[in-house]
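Hello,

Here is the structure I promised to pass on to you.

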Amino acid sequence: MFTLIRLLILLILIPVVPVIAYKWINPPITAIQWDQRELRKEKGDWLSLKEIPDVFEKAVIAAEDQRFFEHNGFDFDAIEKAITHNKKGKTKRGASTISQQTAKNIFLWEGRSWFRKGLETYLTFWMELLWDKARILEVYINVIEMGRGAFGISEAARYYYKTTPQNLSYQQCVNIASMLPCPRTCGINHRISIKRRQLIHRALNRYGIELKYEHD
């Protein structure tokens with residue numbers, strides 16, 4: 001019985017090991033990047049937050065998770081609204097936070113099974129507990145898919161605008177951020193991207209997005 005309990009504890013804690021490691025180590029490659037390896041452009045450089053334009057960080061938060069600094073990994077208000085919307089409408093609305101998307105992208109694979117979602121929830125909990133928001137955002141911006149075969153801000157800046165992240169204009173930052181919900185199907189000029197661009201501008205201009213940490 002005691003051996004079984006120890007085995008269960010071990011199985012529960014094993015997934016936490018990479019969460020601890022990636023608090024300091026940058027993920028070399030993710031399962032999703034590996035799946036897209038044939039389409040992927042050349043590997044971009046990993047950038048620290050101080051190397052990423054503030055406006056891009058704010059645009060990403062405005063586009064994907066405006067309560068990023070307020071929640072602990074799960075936005076229950078957004079989840080409730082998504083459930084209500086999905087019951088009424090034909091289109092489906094997600095409620096994944098930046099934290100959940102980061103956990104999925106660096107630790108897991110693509111798919112919609114309850115098992116994968118359960119693992120995502122478990123890893124998100126530990127990631128929020130062990131990392132700070134700055135680390136979560138840094139990893140997210142460096143690994144998230146930002147176009148078919150382009151992962152992270154470094155690759156996206158090069159792919160779309162033939163430049164470095166530091167030289168992206170305000171509008172270019174917003175344009176890239178607008179594709180995050182559907183990077184493989186929504187190009188820069190897709191109607192969904194254009195519509196979301198307007199929402200990002202509105203969030204940045206009307207409400208403002210404050211970065212609640214200091215760059216080292």
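**Gln101 and its surroundings**

Leaving out residues up to four places away in sequence, Gln101 touches Glu64, Ser96, Tyr140 and Ile144, where contact means heavy atoms within 4.5 Å. Before I go on, a word on the source: this is a predicted model, in which local features need pLDDT of at least 70 and side-chain atom pairs count only at pLDDT 80 or more, while totals for chains, interfaces and linings use all residues. Residues are numbered from 1 along each chain as its sequence is written, and side-chain values use heavy atoms, with hydrogens and water left out.

Gln101 sits in helix α6; helices (H or I, at least four residues) and strands (E, at least two) are DSSP runs, numbered from the N terminus. With a relative accessible area of 12%, Gln101 is buried. Here buried means under 20% relative accessible area, exposed over 50%, and partly exposed in between (1.4 Å probe, protein chains only). A polar atom of the Gln101 side chain lies 3.4 Å from the backbone oxygen of Ser96.

A polar atom of its side chain lies 2.7 Å from the backbone oxygen of Gln101. Apart from neighbours within four places in sequence, Asn105 is in contact with Thr30, Ile32, Val143 and Ile144. From C-alpha to C-alpha, Asn105 and Glu145 are 8.8 Å apart in space, although 40 residues apart in sequence.

**How α6 meets α7**

Two packed helices are described by the angle between their axes and the distance between the axes. For helix α6 (residues 98–107) and helix α7 (residues 114–130), the angle is about 110° and the axes are 8 Å apart. Axes are lines fitted to C-alpha atoms, for helices over the stretch in contact, and angles run from 0 to 180 degrees between N-to-C directions. α6 and α7 are therefore roughly perpendicular to each other (angles of 65 to 115 degrees count as such, under 35 as roughly parallel, over 145 as roughly antiparallel and the rest as oblique).

On the α6 side, Ser99, Gln100, Thr102, Ala103, Lys104 and Phe107 take part, and they meet Arg116, Lys117, Glu120, Leu123, Thr124, Met127 and Glu128 in α7. The residues of this contact divide into 4 nonpolar, 4 polar and 5 charged. In this count Ala, Val, Leu, Ile, Met, Phe, Trp, Tyr, Cys and Pro are nonpolar, Asp, Glu, Lys and Arg are charged, and the others, Gly among them, are polar.

Which residues of helix α9 (residues 152–161) are buried? They are Gly152, Ile153, Ser154, Glu155, Ala156 and Ala157, and they pack against α4 (54–64), α8 (133–143) and α10 (170–177). Just after α9, Lys162 takes a positive phi of about 50°.

Lys50 belongs to the loop between α3 (31–35) and α4, and it counts as exposed, at 58% relative accessibility. Lys50 and Gln166 are 116 residues apart in sequence, with their C-alpha atoms 10.0 Å apart in space.

**The chain as a whole**

The protein chain has 11 helices and 0 strands. Of its 216 residues, 45% count as buried. Among contacts between residues at least 6 apart in sequence, 68% join residues at least 24 apart.

Enjoy exploring the model!

Methods: A polar contact is a pair of N or O atoms within 3.5 Å; within protein, one must be able to donate a hydrogen and the other to accept it, and residues adjacent in sequence count only if both atoms are side-chain atoms.
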